[in-house]
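Look at the sequence and the structure together before reading on.

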Amino acid sequence: MLLQAQDAMDASGVAGPLPPPKSVQTTMTNDSVVRMVKAGLSDDLIVQTITQQPGQYTTDADALVSLKQAGVSERVIQAMVNKGRIRLTGADPQPIVLSDVNEIGVYYKDNNGKWQAIEPEIVHEVSGGFIKSTVTQGIIKPDRNGKVDGRESKLLLPRPIEFLIYTADGVAAGEYTIVRFRLHSNSREFRTWTGGVIHSTGGAKRDEVEFKPEKVAPRTYKFTIDSDTPGGEYGILPPGTAGVGSLGKVYTFAISE
């Protein structure tokens with residue numbers, strides 16, 4: 001212990017130097033940015049500083065004019081505006097992590113706020129029924145029936161319904177299609193052609209339900225079916241699922257009338 005105490009003292013009997021205090025980041029303001037510009041610092045360095053350090057910027061119309069008159073570039077001003085937007089949300093934006101979602105598919109949010117996977121059903125191609133053809137850009141596309149066995153989906157959901165689509169790499173949610181089934185005694189059907197539901201005056205568009213997915217993370221999209229959507233049997237068709245004797249798979253659910 002005596003040796004340790006001696007080591008901690010310098011030759012004059014005074015304790016050795018204390019560790020330097022932790023640096024404190026000062027909050028950047030409009031004046032801070034103007035001083036950096038006047039000092040001749042590059043836009044790259046100023047933007048990096050704005051991005052990495054805490055900042056409280058005034059970006060109303062008068063402030064923007066003053067910044068411009070002080071020689072601040074539009075690139076730097078835009079970085080200040082963006083930083084202000086981040087500050088209003090309470091924190092820097094972080095990647096959205098969805099622990100319940102780890103496989104490609106379609107999910108719905110349950111009453112506990114958890115994402116639950118929707119089990120797909122097989123879509124069979126039917127040769128009879130709505131047989132006609134349309135011409136689009138000189139290409140003849142024959143109509144086909146898509147049929148799913150059983151009159152009802154096992155999944156009944158109350159409105160509004162929050163959905164999430166986790167896509168394959170390079171696939172957007174806009175390539176998916178939502179259809180409302182036409183019910184038969186032991187099946188659910190819709191009219192389609194390879195590649196998507198027909199958009200023609202033949203009436204096939206009535207099988208399609210419009211939706212507006214929003215990208216919330218890489219390969220991850222959310223959308224909501226609101227309370228105005230009528231009850232019935234529905235399906236979400238992924239792209240690129242055509243096969244021999246089958247149109248692929250569909251994620252089905254029902255909305256109570």
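This is a predicted model: local features need pLDDT of at least 70, side-chain atom pairs count only at pLDDT 80 or more; totals for chains, interfaces and linings use all residues.

Residues are numbered from 1 along each chain as its sequence is written, and side-chain values use heavy atoms, with hydrogens and water left out.

The ring centres of Y234 and F253 are 5.6 Å apart and the planes stand at 10 degrees, so the pair is stacked. Rings of Phe, Tyr and Trp (its six-membered ring) pair if their centres lie within 6.5 Å; planes under 30 degrees apart count as stacked, over 60 as edge-to-face and the rest as tilted. Because Y234 lies in strand β15 and F253 in strand β16, the pair ties together parts that are 19 residues apart in sequence. Helices (H or I, at least four residues) and strands (E, at least two) are DSSP runs, numbered from the N terminus.

Both rings belong to one aromatic cluster, formed by F163, F211, F223, Y234 and F253. In the whole structure, a search finds five aromatic pairs. One of them joins F181 and F190, which is tilted, with 5.8 Å from centre to centre and 55 degrees between the planes. F181 and F190 are both buried.

**The cores**

Which residues have the most contacts inside the largest nonpolar core? They are V106, F163, F223, I236 and F253, in a core of 21 residues. A nonpolar core is a set of buried Ala, Val, Leu, Ile, Met, Phe, Trp, Tyr and Cys residues joined through side-chain atoms within 4.5 Å. The elements giving two or more residues to this core are β1 (105-109), β8 (161-166), β14 (220-225), β15 (232-237) and β16 (246-255). A second, separate core has 15 residues, including M36, V37, V47 and Y57.

Leaving aside neighbours within four places in sequence, F253 is in contact (heavy atoms within 4.5 Å) with residues including L155, F163, I225, Y234 and I236. L164 is in strand β8. With 0% relative accessibility, L164 counts as buried. The C-alpha atoms of L164 and F223 are separated by 6.5 Å, although the two residues are 59 residues apart along the chain.

**Other places to look**

R188, in strand β11 (residues 187-192), also counts as buried, at 0% relative accessibility. Its side chain reaches the backbone oxygen of D149 at 2.7 Å. P120, found in strand β3 (residues 120-126), counts as partly exposed at 38% relative accessibility.

Helix α2 (residues 30-38) has N30, S32, V33, M36 and V37 as its buried residues. Seen down the axis of α2, these fall within an arc of 160 degrees (taken from the directions from the helix axis to the C-beta atoms), so they line one face of the helix. On the other side of α2, D31, R35 and K38 are exposed. Just after α2, G40 takes a positive phi of about 85 degrees.

**The whole chain**

The chain holds five helices and 16 strands. Of its 257 residues, 35% count as buried.

Notes
Buried means under 20% relative accessible area, exposed over 50%, partly exposed in between (1.4 Å probe, protein chains only). A polar contact is a pair of N or O atoms within 3.5 Å; within protein, one must be able to donate a hydrogen and the other to accept it, and residues adjacent in sequence count only if both atoms are side-chain atoms.
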